[in-house]
Amino acid sequence: MANHQIGSIWHKWDLHVHTPASVVQDYGGDSGDVWDRFVDDLEALPHEFAVLGINDYLFIDGYRRLHKMKLEGRLANIETLLPVIEFRLSKFAGHDRMLRLNYHIIFAEDLDPNVIEEQFLLQLRSGLNVSAECATVAKQWNATVSKTSLEDLGRLIREDMPPDRVDDICESDFVLGFNNLNFDEKKLIELLENSYLRGRYVTAIGKAEWDQYRWTDHSIADKKNFINSVDIVFTAAPDLVTFERGRERLAKERVNTKLFDCSDAHAYSKSEDKDRIGNCMTWVKGDTTLDGLILAVKDYQERVYVGPRPSIIGEIDRKPANYIRRVFIDKRKGSSPQGKWFENVDIPLNPELVAVIGNRGMGKSALLDSIALAGNAPRPSSEMSFLKPFQAARGNLADNFEVTLKWYAPGPENPVSLSSSYDKYLPSRVRHLPQHFIDQICNEEHDQFVTEIERVVFSHVPEEERLGLDSLSDLIKFRMEATERQAYDLRTEITALNSRIANLELELSPTHRLQLTSLLEQKIDELSGMWSRRPSLPPLPKSSDPELDSRIRELREEVERLSTKKLEFEGRAVTVRAQVESARRVLALLDKIERDISKLSADHSDDFAKLGIQFKQIVFLDIKRDIVRDKEREMVQELTKLRIELDGDQKDSLAAKLAQSKAKLKAAEEELSAPMQVYQAAKQAHAEFQQSVREVIGSYDSQDTIRYLKAQIERLDHDAPKELSTLESERITRTKTLFDRLSDHINLLNELYAPVQKFIDSHPPTDEAFKVEFTASLEAVGFADGLFSHVANNKRGSFYGAEQASDLVVDLLKDKDFGNWESVASFLDNLHYALHHDLRPTECRTARQLSEQVRPGRSAAELYDFVYQLGYIQYRHHLTMGGRVLSELSPGEKGALLLVFYLLVDRSDCPLLIDQPEENLDNQSVFTVLVPFIKEARKRRQVFLITHNPNIAVVAGAEQVVFCEMDKHGGYRLSYEAGALESPIMNQHVLNVLEGTRPAFVSRDETYRISEDPRRSR
């Protein structure tokens, strides 16, 4: 059986299926018609079934027949058939109900049935026993196990019975002989050490039989040791609740809990019998081989799932546009590059963790850089270790090749030339950290590192707290405005205007319109993809428990009612939160008006005294602040109540009640029959699909949805230009002042960092040196060196060129009196014109986009804040790792901190590509810190890692390994071999590349064991 290139993926495995050739079965005999019906039933299994264990007790004839039929073209839906032999052991004899324990041996799929028969089954004579009740016959019968010899044994047993008991035995001589035969497991294990069989099998026992035997002082040790000596435990549970109860009982008894649910099929799928074809809930993530099963047994928690379906399958169905299915890299048509490089590279990609390995210079970064380029990762090619030199090579080498990504969501597969780069006007579909990137930003300026951290932190800010903004810095700036107005007499309305104007200018740019159009097309494609994968809803099976159905119906209605109410509360929370901010703005404005009037009275007190008039006789100020404060207090109280109701940790809150109702509903649904559970799972999947469709279509105020994007495009055509003109007129009529920072900002920062800190605390690292904590402080910082701290002089515009830009600023400032508003207004008008039109003599006052003239890391809104005399805030958050602040961390420790954020804290769900994440870490940190975070990350997103560290590929349990090679003597041809970690071929590649070959690995292991040598204790 060939291994999957895509690596370890989830399939259903039913390891206990009997055939019509079985000693005991309810198919109707061993005739040709029965076999045809039996195989038809197997071929009608749902598509998720991939592996069947064929078990006909002591015989392999049924497996041999199915194996032959598969080779002839039948059972194409089943990838692998595994031969299974089942024995009844002499263990625990004497129980009043079940005299024998069942022992299963699952053999490798590539073992010839003749080998199993010759090297094992025909050797069983030394290990078999006849039941103690038939001691007389046991002395007469001594033979190799076969159907004929078992029939002879049964005949001898029948003849040895008292005449009055013969009529009580209704089974045939063959079945009678079989039922009175048992085996010594120690002899079986000795036979399995045959050189043909060693390492080519997995052992199992039946839980039901094992569970029947009572714990006694004499048997408890044997009973525990035996279940712990096998690899897995079989059960045939009627439903998921029973299965979980069984596993919990094994855990409570502290024995082997590696439980596999199997059908133990003796009947057709349409039968009402529990032991029927297809009645299996076990999923295994692995190659459909015995090697895949062995690794799944080793990593049972990660690679075995019992239930309706693993969560990753639902994630792919719900968000198909977030998972890459394949990558193609090839020469462009008509090109003739120097060297072969990429030729028909076609790699199916696993949706979970992909480890890319190979010796240095063998094309690992070439693969990841190409995927990043096709996914439009926000990273210039100049930062990519492969694409940078490849694009710079002579003869425009990169232009001869193109890369195409095929996503799970259907849509156009547009090839991307390897000579291209990141397009900021198109959506980014992947996140890429190229080789040395982390090392680079950890050794560069502080701001870039902090920006990366803030991006991740912002992903944890609750949606209702973001106030429609797109970044942490924008949110902080907005939330600080009310405090700044109250404390430092700031005109925060200008900041809001500047932000709106800058956004409007960006929105009105041709590039933004193109971006909206592209996003709209992508969302429509995504909707089409979801619709093509919509789940079907099977007919409602008949229920056997009307009372349970009624209870479930009531619980569903309650969950729906509470969910609707929760949505209403969430929407109301967003509205009330905005109202609280508005109230605080109004109060700050009232304070400003009051201070202005007081200042005016004091400044002109002499003039009023000379006239004999009191100021208050002319100006009477009656500010009814209590009205606004009462409204604010009312809104704060309502918001507090809403937040309590939405907090699942609060007892009797709406969220808690909803969670309780869902739990009750789940518990009730788990009591349903297996067909009803399947129906409910399908119904849930259908409901999730409908919800996903509604989320993509969205509404006019839900960002990045189809309705929202259409409304935005229409707004740009009609209302936005008028709105911009109105906003600019309003801004120019207002003054600006400087401001200092307030200590209240600390509270705001702590509030914003609280969600991410709570998340980090709930996922503590095993090494305290990597414990991450936030503290916040505010520092008053003066203005930068004026205009040029915002405007770049190497970008097209009036301020291009340092010398010319300085001359222009001198002209703008000439004869201006900043103590006079008219003069300031004239200056602002002239500067505004210069920022939007190119005043250089050769440019004829060409219009320029302001956002394209600002320095990297700056925005047009920030520039407007400076120009119109709006104070700005520099805030500093203190991020500590292991109790040390950021400034005390080495570049390597900063790199570790960033990886913690990228892998664990970042809530983005697009594919994540990291080139050598272990670059800045020691091996112990890789194992104790990085590996657990990698395992956590792949639960939420597709992860690609280039690595030279065996801990990442092997210990983290990569679902797929991609081995890279370059034939430098054959035109630099890059080749990629993909497969599962358990694949013998890929396993050897991992051993050679990451461990330095087996002799090197063994040599190190032997060296380490010196310290364990008992002679050292002498």
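This is a predicted model: local features need pLDDT of at least 70, side-chain atom pairs count only at pLDDT 80 or more; totals for chains, interfaces and linings use all residues.
1. H22 spans residues 510–532 and H29 spans residues 706–732.

2. The two helices pack at an angle of about 155 degrees, and their axes are 9 Å apart. Angles over 145 degrees count as roughly antiparallel, and H22 and H29 are therefore roughly antiparallel to each other.

3. On the H22 side, the residues that meet H29 are His 512, Arg 513, Leu 516, Thr 517, Leu 519, Leu 520, Lys 523, Ile 524 and Leu 527. Their counterparts in H29 are Ile 706, Leu 709, Lys 710, Gln 712, Ile 713, Leu 716 and Asp 717. By class, this contact of H22 with H29 comprises nine nonpolar, three polar and four charged residues.

4. The largest nonpolar core has 94 residues, of which Leu 15, Phe 87 and Phe 120 touch the most other members. With residues up to four places away in sequence left out, the contacts of Leu 15 include Val 51, Leu 82, Val 84, Ile 106, Ile 232, Phe 234, Phe 260 and Cys 262. A second, separate core of 61 residues includes Ile 357, Leu 889, Val 905 and Leu 945.

5. Thr 235 belongs to strand E8, which covers residues 232–235. Its relative accessible area is 16%; the cut-off for a buried residue is under 20%, so Thr 235 is buried. Not counting residues up to four places away in sequence, Thr 235 touches Lys 207, Phe 243, Leu 259, Phe 260, Asp 261 and Cys 262. Phe 260 and Cys 262 are also among the residues that Leu 15 touches.

Technical notes. Residues are numbered from 1 along each chain as its sequence is written. Side-chain values use heavy atoms; hydrogens and water are left out. Helices (H or I, at least four residues) and strands (E, at least two) are DSSP runs, numbered from the N terminus. Buried means under 20% relative accessible area, exposed over 50%, partly exposed in between (1.4 Å probe, protein chains only). Contact means heavy atoms within 4.5 Å. Axes are lines fitted to C-alpha atoms, for helices over the stretch in contact, and angles run from 0 to 180 degrees between N-to-C directions. Angles under 35 degrees count as roughly parallel, over 145 as roughly antiparallel, 65 to 115 as roughly perpendicular and the rest as oblique. Ala, Val, Leu, Ile, Met, Phe, Trp, Tyr, Cys and Pro count as nonpolar, Asp, Glu, Lys and Arg as charged, and the others, Gly among them, as polar. A nonpolar core is a set of buried Ala, Val, Leu, Ile, Met, Phe, Trp, Tyr and Cys residues joined through side-chain atoms within 4.5 Å.
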